[in-house]
Amino acid sequence: MRKFATKMRITLAQTSPRLNRSNLEEVASIIDAHKDDSDLIVFGELSLNGYLLQDKLYEDAWEIDELDLLKELSLKTDIVIGAAIRDKESFRNTALYFSNGRLLSKHYKVHLPNYGMFEEARYFKAGTLFESFSTQFGKVSMVVCEDLWHKDVHEKLMAENPDYIVALVASPARGFSDRGLDIEDKWYEIIRTVAAECRAKLIFVNRVGFEDGLGFWGGSCIVDENAEILHKLPRYKKEVKTFKI
């Protein structure tokens with residue numbers, strides 16, 4: 001049963017992660033500041049680590065039991081966050097959903113880009129599944145960045161029939177033109193298409209800041225099931241804001 005009739009307060013946390021483990025402290029501070037006025041706080045891809053980790057993965061990847069602080073904080077509000085997670089002898093680019101004091105679900109990024117500026121497949125092990133899970137707000141599916149650029153993923157999401165799709169992203173700015181930013185236009189085309197195909201609300205959170213010459217553009221937003229962008233954060237600017245949908 002869909003629960004769109006129930007108003008939900010969603011906080012978009014458009015942050016600029018550093019390439020070290022200190023991000024957990026900032027994340028906890030943001031959650032603490034917004035927990036009383038939010039039902040769900042969403043951070044971007046690899047928000048607990050930074051993006052261009054490369055060999056730093058061996059030092060900075062998290063064990064799930066090192067994130068008990070997020071479990072505690074989720075007693076007040078649900079949390080979705082991206083992290084590099086150690087999985088036995090491998091590393092996973094992971095979306096984590098915390099709720100009511102526990103890790104409710106996780107999604108391992110399936111499509112790891114390995115072209116141009118991207119080298120994820122060198123360092124991470126790919127996931128294999130797209131699933132949905134039940135929350136107090138309805139069914140949720142999570143995806144990480146490149147996952148959404150594949151049409152077969154759209155079909156798998158439609159089969160899951162979620163109420164909400166949460167997309168964690170670390171998209172570098174590229175394709176500058178007089179009209180604006182080509183990558184932004186492409187992303188908004190994709191997420192509006194997926195939201196309409198799935199008849200779901202889609203929460204898109206992209207990071208900002210710079211790493212080794214890569215600049216991330218932000219533009220986090222919430223799209224409704226009619227492909228309308230309801231709320232949007234600015235490009236390039238760190239911002240945390242709560243919206244009622």
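User: Start with Phe118. Buried or exposed?
Analyst: Phe118 is buried, at 8% relative accessible area. Buried means under 20%, exposed over 50%, and partly exposed in between (1.4 Å probe, protein chains only).
User: What ground rules apply here?
Analyst: This is a predicted model: local features need pLDDT of at least 70, side-chain atom pairs count only at pLDDT 80 or more, and totals for chains, interfaces and linings use all residues. Residues are numbered from 1 along each chain as its sequence is written, and side-chain values use heavy atoms, with hydrogens and water left out.
User: Back to Phe118. Where is it found?
Analyst: In the loop between strand E5 (102–108) and helix H4 (120–123). Helices (H or I, at least four residues) and strands (E, at least two) are DSSP runs, numbered from the N terminus.
User: Which residues is Phe118 in contact with?
Analyst: Tyr51, Pro113, Pro172 and Arg174, leaving aside neighbours within four places in sequence. Contact means heavy atoms within 4.5 Å. Tyr51 is 67 residues from Phe118 along the chain, and their C-alpha atoms are separated by 10.0 Å.
User: Zoom out. How many helices and strands does the chain have?
Analyst: Six helices and 16 strands. The C-alpha trace spans about 45 × 45 × 35 Å along its principal axes.
User: What radius of gyration does the chain have?
Analyst: 16 Å. A compact globule of 245 residues would have one near 18 Å, so the chain agrees with that. The radius is taken over C-alpha atoms, and the globule rule is 2.2 Å times the number of residues to the power 0.38.
User: What percentage of the residues is buried?
Analyst: Buried residues make up 58% of the 245. Of the contacts with a separation of 6 or more, 67% are between residues 24 or more positions apart.
User: And the charges? How many positive and negative side chains?
Analyst: 34 positive and 39 negative, with the centres of the two sets 4 Å apart. Lys and Arg count as positive, Asp and Glu as negative; His and the chain ends are not counted. Each charge is placed at NZ of Lys, CZ of Arg, CG of Asp or CD of Glu.
User: Now the inside. Which residues touch the most other members of the largest nonpolar core?
Analyst: Leu148, Trp187, Ile191, Leu202 and Phe204, in a core of 48 residues. Helix H6 (residues 182–198) gives this core its largest share, eight residues. Apart from it lies another core of 19 residues, among them Ile41, Leu48, Ile81 and Ala83. A nonpolar core is a set of buried Ala, Val, Leu, Ile, Met, Phe, Trp, Tyr and Cys residues joined through side-chain atoms within 4.5 Å.
User: What is Leu148 in contact with?
Analyst: Beyond four places in sequence, the contacts of Leu148 include Val143, His154, Trp187, Ile191 and Val194.
User: Switching to Val208. Where is its place?
Analyst: Val208 is in strand E12 (residues 208–211). Val208 counts as buried because its relative accessible area is 1%. Lys238 is 30 residues from Val208 in sequence, and 6.4 Å from it in space, C-alpha to C-alpha.
User: What does Val208 touch?
Analyst: Residues including Thr15, Phe216, Trp217, Tyr236 and Lys238, not counting those up to four places away in sequence.
User: Thr15, then. Where is it found?
Analyst: In the loop between strand E1 (9–14) and helix H1 (23–34). Thr15 is buried too, at 7% relative accessibility. Among its contacts beyond four places in sequence are Ile30, Phe43, Val208 and Lys238.
User: And Tyr236? Where is that one found?
Analyst: In the loop between strand E15 (229–232) and strand E16 (239–244). Tyr236 is partly exposed, at 43% relative accessibility. Its phi is positive, about 70°, although Tyr236 is not a glycine.
User: What is phi of Asn161?
Analyst: Near 55°, also a positive value in a residue other than glycine. Asn161 lies in the loop between helix H5 (151–160) and strand E8 (164–169), and is partly exposed at 38% relative accessibility.
User: Last one. Arg179: buried or exposed?
Analyst: Arg179 is exposed, with a relative accessible area of 65%. The loop between strand E9 (176–177) and strand E10 (180–181) holds Arg179. Gly101 is 78 residues from Arg179 in sequence and 45 Å away in space, C-alpha to C-alpha.
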